Amino acid sequence: MMHYKSLVFSLALGCALCQGADARNPDGTLGLIRTPNNGLPVIITAGDVFEATVTSEATLALVNDNGAWPLEAEWKSLPGGLQQARCQAPDDVPPGEYALYATSSEHEDNNRRAVFVFETIPEEYLIAHVTDTHIGTTRHPREDMAIIADVIEAVNTSEAAFALITGDLTENGAEAQFLRFMEVLDTCRLPTFVVPGNHDRMPGNYERFFGPHTYRFWFGADGYLGFDTKDFLIADSMTPQDGRLHYYRRQLRPARWSVGFTHRYDVTMGMRAQLILFVDDPLDYLMYGHYHREAGDQDGIPWGRTTAIMTPAAINGQLRFIEVDSQGIRPLETVTAASLQAAPDHVDD
Amino acid sequence: MSSLLVIALACGIVGQTGTIAYIAGESQESYRLTLIDAATGETTPVGQGDRDAYPRWSPDGTHIAYQSKQPEGTGIRVACPDSGEDKALAHQFSWNYEPRWSPDGRKLAYSSDGDMAPLQAILVYDLDTDTETIWGGTHRGLIRPVWLPTTDLMKALDPDDQAAAEALGLMELSAEAEERGVLLAVGVGGAPPNMAADIYIVTPTLAVPLLPFLMPDSYRYVEWCVEPDNDGRQIAYESNDGGDRELFVLGRRGITNVSNHPAADWNPVWAPDNNWIAFESFRQGRRGIYRVLISTANVFPVAVDAYYDCWAPDWSPDGEHLVFVSDRTGAPQLFIADKEGKTQQQLTKDAFPALAPTWRPDTN
């Protein structure tokens with residue numbers, strides 16, 4: 001039962017939403033709320049604590065068609081002028097998909113598909129691995145959005161708990177392509193975690209639409225680490241990424257299974273990142289795409305015991321489901337979910 | 001820490017002078033080699049501005065070698081800030097990475113995809129003759145070369161038994177090193193999934209693993225970031241020997257673990273006096289900058305915080321200050337701290353990243 005203060009807030013929130021409280025900025029980029037968002041959501045159960053990052057302190061709530069649940073938040077300042085809210089979900093919030101709503105003295109924002117409340121976090125579950133959606137390409141006679149919509153529909157009709165979408169979301173990283181990608185992304189009824197690929201590298205656009213390149217999340221006892229393998233032209237050891245990879249990898253040490261997901265693995269990727277992820281504290285699994293084909297004998301990680309899982313491109317109509325339980329992570333056969341009206345491409349891009 | 005920063009900004013008590021080369025740009029595609037005057041904050045773009053990376057000053061401080069985009073791949077360029085000249089080396093191969101100057105400033109060594117990609121080769125470019133040569137003989141899988149300033153350390157490796165030395169090829173290695181110079185590099189070897197990385201001594205025709213001379217089980221570990229001191233009498237390197245990544249120093253007293261902490265320790269950078277090493281560590285959670293006195297292995301924090309990272313330290317020529325990168329204000333920016341970390345000053349204040357700082361040598 002909501003108390004009086006919550007009821008007043010909900011009425012105010014309802015009025016705000018009726019008056020057209022837009023999600024994100026008018027151009028579709030992240031606004032007041034940076035995370036969570038539809039590419040970097042949080043998965044919780046009722047009563048759990050989660051973190052949100054906003055550009056200024058705000059009143060926060062979980063919102064869906066059934067109502068609004070105000071959030072209590074503890075605030076902390078972050079580098080770059082951002083504010084981090086440590087939020088506790090109400091004990092009575094029902095399972096389901098929620099937008100995170102925020103209102104500050106100057107702005108309001110409404111990140112859809114940002115918070116997913118599960119009844120419980122299962123110990124055995126299925127993941128959908130989608131990669132290389134290449135929204136904006138004209139490589140096939142059938143329209144890109146139609147192909148990816150079929151792939152997402154296959155995810156929606158599965159028993160998967162969430163989807164990992166590992167880069168090359170767009171064909172060349174243009175704003176319009178990110179907007180179209182989000183249009184099809186938001187047809188997904190599951191939590192969707194995205195990372196950038198080499199095709200998404202138009203300056204700054206990925207960050208403007210989805211936020212950090214490197215992050216981690218827990219799903220029950222399992223730890224997931226998303227990261228950008230960077231353009232291999234560039235030595236990624238100059239940037240903050242190596243430090244964050246190590247920091248997050250260390251946080252995930254207690255995980256039952258530690259799972260990396262990224263766009264690409266290549267033996268020539270930055271050596272420091274390989275030491276972190278495959279040598280000093282090896283991930284149990286690494287999921288990636290990029291190559292638009294099934295893994296062959298030449299693929300895999302030469303450094304140790306990390307098992308590579310490579311999935312063909314969604315723009316060729318394909319995806320993979322992966323079973324997770326106490327015995328490990330097992331990739332299932334590739335699923336072809338969409339007709340291309342042509343032969344699939346076989347390019348390493 | 002933040003109050004110290006404010007004090008430093010208000011009073012200008014850091015007061016460091018000199019020129020620092022670094023990489024600046026909104027994105028990888030626009031990264032550009034840039035100079036900044038540490039006293040005034042005035043910046044000067046120098047590089048070609050197309051994926052510039054890894055700047056290194058020549059020993060006399062007149063030129064900067066750096067990695068940049070070339071029509072097919074990445075090449076090494078040499079810029080002269082005083083004249084404005086910026087020259088691309090004439091490479092045999094498309095992909096070339098991370099240049100390092102020879103002690104006399106007349107050669108550059110770098111990794112290259114070479115003739116057996118993905119196994120990289122070490123190439124040496126003679127700036128006097130504009131010729132490029134593969135070093136290490138037929139050995140491939142060598143990366144991240146760095147020049148050994150003298151061959152003093154190699155003499156310590158020589159077995160007493162001359163026959164044994166000849167069998168190991170040390171006589172030939174020493175003779176070639178004396179005549180033509182010598183590099184240290186990391187050699188990646190072994191068969192998947194049991195790959196390893198060891199430190200190699202590299203001359204034009206030879207590549208010999210270093211640590212097995214001193215530590216027979218060294219093949220079990222993965223070494224990285226080998227850095228000789230400024231006189232070539234000690235070598236710092238990283239290894240996962242001991243369970244996590246530690247810094248070791250190989251010197252006249254043998255091999256010593258100088259960082260020895262359960263958290264990872266990375267990227268050793270020798271101070272000008274060869275007594276201290278600045279490095280990165282996660283011992284307080286986030287990546288921070290520390291320094292260690294080699295003789296005692298006592299470690300001191302320089303720039304550390306629970307909520308942001310500090311990395312890529314480089315010493316001032318007088319050894320009194322460190323320049324480094326931190327994301328404490330959002331996008332990574334350059335900061336200068338005195339070596340004890342008591343005063344810190346933000347040097348660059350741009351909306352886009354500033355990375356990979358390197359202090360110009362003081363040759364006066």
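The tour begins with the ground rules, then visits domains, helices, the chain interface, sheets and some backbone details.

**Before you click**

What you have open is a predicted model, in which local features need pLDDT of at least 70 and side-chain atom pairs count only at pLDDT 80 or more, while totals for chains, interfaces and linings use all residues. Residues are numbered from 1 along each chain as its sequence is written, and chains are lettered from A and ligands numbered from 1 in the order in which they are written.

**Stop 1: the two domains of chain A**

Select 4-118 of chain A in one colour and 125-336 in another: these are domain 1 and domain 2, with bounds that come from an automatic or database domain assignment. Their C-alpha centres lie 26 Å apart. At the boundary, 15 residues of domain 1 of chain A are in contact with 17 residues of domain 2 of chain A; contact here means that the C-beta atoms of two residues, placed from the backbone, lie within 7 Å.

Now highlight β1 and β8 (108-118) of chain A, each of which supplies at least two residues to the side of domain 1 that touches domain 2. (Strands are DSSP runs of E with at least two residues, helices are runs of H or I with at least four, and both are numbered from the N terminus.) The largest share of that side, three residues, comes from β8(A). By class, this side of domain 1 of chain A has five nonpolar, six polar and four charged residues. The classes are simple: Ala, Val, Leu, Ile, Met, Phe, Trp, Tyr, Cys and Pro are nonpolar, Asp, Glu, Lys and Arg are charged, and the others, Gly among them, are polar.

**Stop 2: a helix pair**

Next, select 241-251 and 271-280 of chain A, which are α5 and α6; their axes come within 10 Å and cross at roughly 0 degrees. The axes are lines fitted to C-alpha atoms, for helices over the stretch in contact, and angles run from 0 to 180 degrees between N-to-C directions.

Show side chains for D242(A), L245(A), H246(A) and R249(A) on α5(A), and for R272(A), A273(A), I276(A) and L277(A) on α6(A): these residues make the contact. They divide into four nonpolar, one polar and three charged residues.

Stay on α6(A) for a moment. How many of its 10 residues are buried? Nine are, so the helix is mostly covered; buried means 20 or more other C-beta atoms within 10 Å of the residue's own, exposed means 12 or fewer, partly exposed is in between, and the C-beta atoms are placed from the backbone. Among the buried ones are L275(A), F278(A) and V279(A). The cover includes α5 and β14 (258-261) of chain A, together with β16 (223-228) of chain B.

**Stop 3: where the chains meet**

Zoom out to both chains: 28 residues of chain A are in contact with 37 residues of chain B. On the chain A side, the elements that give two or more residues are α5 and α6. That side of chain A divides into 15 nonpolar, nine polar and four charged residues.

**Stop 4: two sheets in chain B**

Find the open sheet of four strands in the order β8-β9-β10-β11 of chain B, with antiparallel pairing; two strands pair if DSSP finds at least two bridges between them. Its edge strands are β8 (96-101) and β11 (131-135), and the twist averages 30 degrees from one strand to the next. Six bridges join β9(B) to β10(B), and S111(B) has I122(B) as its bridge partner in β10(B).

Another open sheet of four strands runs β3-β2-β1-β28 in chain B, also antiparallel. Four bridges join β1 (19-24) to β28(B); look for A24(B) opposite A354(B).

**Stop 5: backbone details**

Most residues other than glycine have a negative phi, and most peptide bonds are trans. Compare these selections:

- T35(A) and P36(A) are joined by a cis peptide bond, with omega about 0 degrees.
- A117(B) and P118(B) are also joined by a cis peptide bond, with omega about 5 degrees.
- H290(A) has a positive phi, near 80 degrees, and counts as buried with 25 C-beta neighbours inside 10 Å.
- A297(B) has a positive phi near 65 degrees and counts as partly exposed with 14 such neighbours.
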